[in-house]
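Open the model in your viewer and follow the stops below in order.

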Amino acid sequence: MRILVVEDETVLADSLVDLLGRESHAVDLATDGEQADELVAGNDYDLVILDWTLPRGPSGLELLRQWRASGLSMPVLMLTARAALEDRVGGLDEGADDYLVKPFANEELLARARSLLRRRERPISALIADDVELDPRSRTVKIRGEVIELPPKELGILEYLLSRLDETVSRTELVEHVWDDSFDAMSNVVDVMVYRLRKKIDGGQKRKLLTTVKGQGYRLLSRRA
Ligand code: CA
């Protein structure tokens with residue numbers, strides 16, 4: 001999934017990017033409000049982790065207010081150093097989906113992030129396509145009953161395709177949800193990753209699950225065909 005971290009404290013920001021990256025999410029970082037606003041305008045994030053107090057430009061709360069006013073509905077997890085109850089209520093009133101008070105444990109942040117990402121996805125049963133199964137909690141993949149270790153980007157592609165079962169997903173959409181901003185859109189890495197994933201899912205199988213829609217993208221079927 002594609003996540004934006006908005007945080008000006010370098011140490012915390014880097015550790016969040018690293019932590020979420022290890023869960024095989026594609027993570028972008030904004031260190032001030034203006035940068036955050038630009039990234040949100042240009043990308044379709046599955047989750048935004050938003051610091052309340054930012055040094056330059058709009059504050060976290062102002063950003064959130066603007067985004068919600070313009071109809072953006074992605075889940076937002078607010079980070080705040082202020083433990084005061086009125087802040088918490090204020091943040092939730094402005095459209096935050098959840099909040100965490102600093103300092104927090106990594107595990108706590110990951111748990112909240114998972115829960116918000118799950119809400120973004122379809123119900124848990126949608127993460128199954130025929131004999132392929134992804135447990136979003138443990139992030140393990142089973143193919144024909146066997147646990148398969150997938151590299152992060154292949155896992156990201158599979159997760160996104162599972163959330164859009166039976167729909168045609170363009171390469172651009174895959175890039176937006178699986179890679180971060182440093183991705184070179186001209187490279188053929190998407191095709192290479194899909195090719196590798198397909199070998200694992202469909203290799204040696206008569207009926208296929210991961211199909212190419214010519215000139216449009218890819219489609220993961222709910223049933224082998
Ligand atoms: Ca801050």
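How do the residues lining the second largest pocket divide into nonpolar, polar and charged? They comprise 7 nonpolar, 3 polar and 3 charged residues (Ala, Val, Leu, Ile, Met, Phe, Trp, Tyr, Cys and Pro count as nonpolar, Asp, Glu, Lys and Arg as charged, the others, Gly among them, as polar).

This is a predicted model: local features need pLDDT of at least 70, side-chain atom pairs count only at pLDDT 80 or more, and totals for chains, interfaces and linings use all residues. Residues are numbered from 1 along each chain as its sequence is written, and side-chain values use heavy atoms, without hydrogens and water.

Select Arg139, Ile148, Glu149, Leu150 and Leu155, the closest to the pocket centre among its 13 lining residues. Strand 8 (140-143), strand 9 (146-148) and helix 6 (152-163) each supply at least two lining residues (helices, H or I, have at least four residues and strands, E, at least two, as DSSP runs numbered from the N terminus).

**Calcium ion.** Next, select Asp8 (OD), Asp51 (OD) and Thr53 (O), the protein donors, at 2.1 to 2.4 Å from the ion (donors are N, O and S atoms within 2.8 Å of the metal, 3.2 Å for Na, K and Ca; water is not among the atoms, so sites may look incomplete). Asp8 is in the loop between strand 1 (2-6) and helix 1 (10-22) and Asp51 in strand 3 (residues 47-51), so the pair ties together parts 43 residues apart in sequence.

**Contacts.** Finally, select Leu220, which touches residues including Ala129, Leu158 and Leu209, not counting residues up to four places away in sequence (contact means heavy atoms within 4.5 Å).

Key: On a 1 Å grid over the protein atoms alone, a cavity is a set of points where a 1.4 Å probe fits but cannot get out, and a pocket is an open set with protein on both sides within 12 Å along at least five of seven lines; lining residues have an atom within 4 Å of a point.
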